[in-house]
There are 2 protein chains.
Amino acid sequence: MDTAETLLPRVLEGHPRALGRAISWLENGHAGARQLMAGLWPRLGRARVVGITGPPGAGKSTLTDQLARALRAEGRRVGILAVDPTSPFSGGAILGDRIRMGRIAPDPGVFIRSMATRGALGGLARATQDAIDVLDAAGFDTILVETVGVGQDEVDVASCTHTCLVVLVPGLGDEIQAMKAGLMEVADCFVVNKADREGVDQLERDLESMKALDMPSGWDPPILRTVAATGEGIAGLLDRIEEHRAWLAAAGGMARKAQERARLRFEHLLAEEASRRAKAAAGSARVDALIRSIADHRLDPYAAVAELLDRP
Amino acid sequence: MDTAETLLPRVLEGHPRALGRAISWLENGHAGARQLMAGLWPRLGRARVVGITGPPGAGKSTLTDQLARALRAEGRRVGILAVDPTSPFSGGAILGDRIRMGRIAPDPGVFIRSMATRGALGGLARATQDAIDVLDAAGFDTILVETVGVGQDEVDVASCTHTCLVVLVPGLGDEIQAMKAGLMEVADCFVVNKADREGVDQLERDLESMKALDMPSGWDPPILRTVAATGEGIAGLLDRIEEHRAWLAAAGGMARKAQERARLRFEHLLAEEASRRAKAAAGSARVDALIRSIADHRLDPYAAVAELLDRP
């Protein structure tokens, strides 16, 4: 049985099984999780974290795999976290999928993990943050965080990356509308993928006019064309990611991002832990009774929560 | 200035401005929110709550508006809550959009509200639950809850409805894959919208094979075709929603749903309130200092949270 002491050195050396275990520990609130994180913490801050988000069907996974391949060709170690809030399954399945589909060859310089914790409040964003830290401490140069949805979890995850790519495809006019302010806000670069399809020019015009409404940050998010399936445009995209990183560093943005990320992590963990402690203090029988009294309309939820917190 | 005493009777009579104010109070944690909810609570449990979810571009808003129109023709009062986690704006804008687009005529029997709180943890699902209660207490017969995304918030919202429609369109193969287990789990009825497009048969076959993998609940989710833009299939869809409600009632599912919903509401509110109290006790200067020490890598987030909770 692993302890934080035995697991930590293997995580820092980047053993895939140790990385997987460490991420699971943090995901599930294992007894050794806090000590493990304390051991990782002084080693953090070296990795470049890139978010890849956008609507379903935009080709995010293929784009992510191509970015990973190009970074590997430069000799970099790459972590991929695939965040899917609609799936109940975390862990290795997605790696198997990607190997089977021939998109990623088994390679010790690439670590892939799916993040799909449902249940705990704020759990997915929190667990993804923890996983980024594990890979950062293990010395991965670049961490690609691919998110499937367009919900709050994804906005939270995206706002904690250094550079966030918003991936779109031509011909889906509604997608742009559905994207709204939230995703616009997090976009450091727009990727028009499947750019060999009709409608590319229209999509670019739409994006330009949306950009005009917004973006007081000083960084003007570029719009790039890619065809992820063939690798077209990937090298140019990597250049733009690097440009953004350099701009961030020069503009003091790295410190601002670190501050934002720290606040979000603190809020997530606090909600989880404060609520866990309150329930533990009350005992599960009392919690269940309070929930039943809400369901039976004897007590409203605000009153039930106040009762738990006022008389632990 | 309204107080809970002055607002409550007007909410119960269904005055649109009072409903809007009550929902905002609950959304923002107004000082009168708890008392208002306590006043609403004994009046709850009559409304039928229908969720409408699915990927962007599936035509959910148009379908929702058509359902509302058909229910109005039966003389029912209808509430519409449009949940969009990617938008920072709550409130009335969406009603304006819908009136401007001629989809909904101004009508005192329809109340529309967009729900888009970003920020507070679990805030969106919690605020939507509260809004459902307000409309239920105000005597709306049916509440249509339309969700834009496919993230955890939407799964939470969907799992608290009586009947959840998952809306899809032909020709978007990836959408189905992106939908995964989470949305499959919440589907009480599949709606194949824009069914005048090519690819309907393929989509239905895909759905049938996904259904075969799952669904031990005893209810076999039907697959219906609609063309929301013309109203085709809407009457049949309403029949199926009613069938599902009757099945739920007969199978004891209403009590199970009420229990699930009570648990989720309790968890959401507890996390919010426990964390609010912990921060209030510590003071914002101390909270800010802890967050800075995380950003500076002096303290890991677990240690920072433990420090706040251990020494308030």
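## A helix of chain B

Helix H11 of chain B, residues 253-282, has 30 residues and reaches 43 Å from its first C-alpha to its last. This span is close to the 44 Å expected at 1.5 Å a residue. The model described here is predicted. After H11(B) comes Gly283(B), a residue whose phi is positive, near 90°.

One residue of this helix may be examined in more detail. Leu264(B) has its place in helix H11 of chain B. Is Leu264(B) buried or exposed? Leu264(B) counts as buried because it has 21 C-beta neighbours inside 10 Å, and the cut-off for a buried residue is 20 or more. When its neighbours within four places in sequence are left aside, Leu264(B) is in contact with Asp156(B) and Cys160(B). In sequence, Leu264(B) and Val157(B) are 107 residues apart, while in space their C-alpha atoms are 9.5 Å apart.

## The sheet of chain B

Chain B contains an open sheet of seven strands with parallel pairing, in the order S3-S2-S4-S1-S5-S6-S7. Strand S3 (110-115) and strand S7 (223-225) of chain B stand at the edges; each has a single partner strand, so one side of each is left without a neighbour in the sheet. From one strand to the next, the twist averages 20°.

Strands of a sheet pair through backbone hydrogen bonds, in either a parallel or an antiparallel manner. How many bridges join strand S1 to strand S4 of chain B? Five bridges join S1 (residues 48-53) of chain B to S4 (residues 142-147) of chain B, and these two strands run parallel. Within this pair, Gly51(B) stands opposite Val145(B) in S4(B).

## Chain A in outline

Chain A has 13 helices and seven strands. Of its 312 residues, 52% count as buried. Among the contacts in chain A with a separation of 6 or more, 76% are accounted for by residues 24 or more positions apart.

## The sheet of chain A

Strand S5 (residues 163-168) of chain A is joined by four bridges to strand S6 (residues 189-192) of chain A, and the two run parallel. The bridge partner of Leu165(A) in S6(A) is Cys189(A).

Helix H1 (residues 4-13) and helix H3 (residues 33-40) of chain A pack at an angle of about 40°, with their axes 9 Å apart. H1(A) and H3(A) are therefore oblique to each other. The crossing in which H1(A) passes H3(A) is right-handed. At this meeting, Ala4(A), Leu7(A) and Leu8(A) in H1(A) face Gln35(A), Leu36(A) and Gly39(A) in H3(A) as contacts.

Helix H2 of chain A comprises 13 residues, 16-28; at 1.5 Å a residue they should span 18 Å, which agrees with the 18 Å between its end C-alpha atoms. The buried residues of H2(A) include Ala18(A), Leu19(A), Trp25(A) and Leu26(A). Against which elements do the buried residues of H2(A) pack? They pack against H1, H3, S3 and helix H6 (123-137) of chain A. Just after H2(A), Gly29(A) takes a positive phi of about 65°.

Key
Residues are numbered from 1 along each chain as its sequence is written. Chains are lettered from A and ligands numbered from 1 in the order in which they are written. This is a predicted model: local features need pLDDT of at least 70, side-chain atom pairs count only at pLDDT 80 or more; totals for chains, interfaces and linings use all residues. The expected span of a helix is 1.5 Å times one less than its number of residues. Two strands pair if DSSP finds at least two bridges between them. A residue is buried if 20 or more other C-beta atoms lie within 10 Å of its own, exposed if 12 or fewer, and partly exposed in between; C-beta atoms are placed from the backbone. Two residues are in contact if their C-beta atoms, placed from the backbone, lie within 7 Å. Axes are lines fitted to C-alpha atoms, for helices over the stretch in contact, and angles run from 0 to 180 degrees between N-to-C directions. Angles under 35 degrees count as roughly parallel, over 145 as roughly antiparallel, 65 to 115 as roughly perpendicular and the rest as oblique. A crossing is left-handed if the near helix is turned anticlockwise from the far one by less than a right angle, and right-handed if clockwise.
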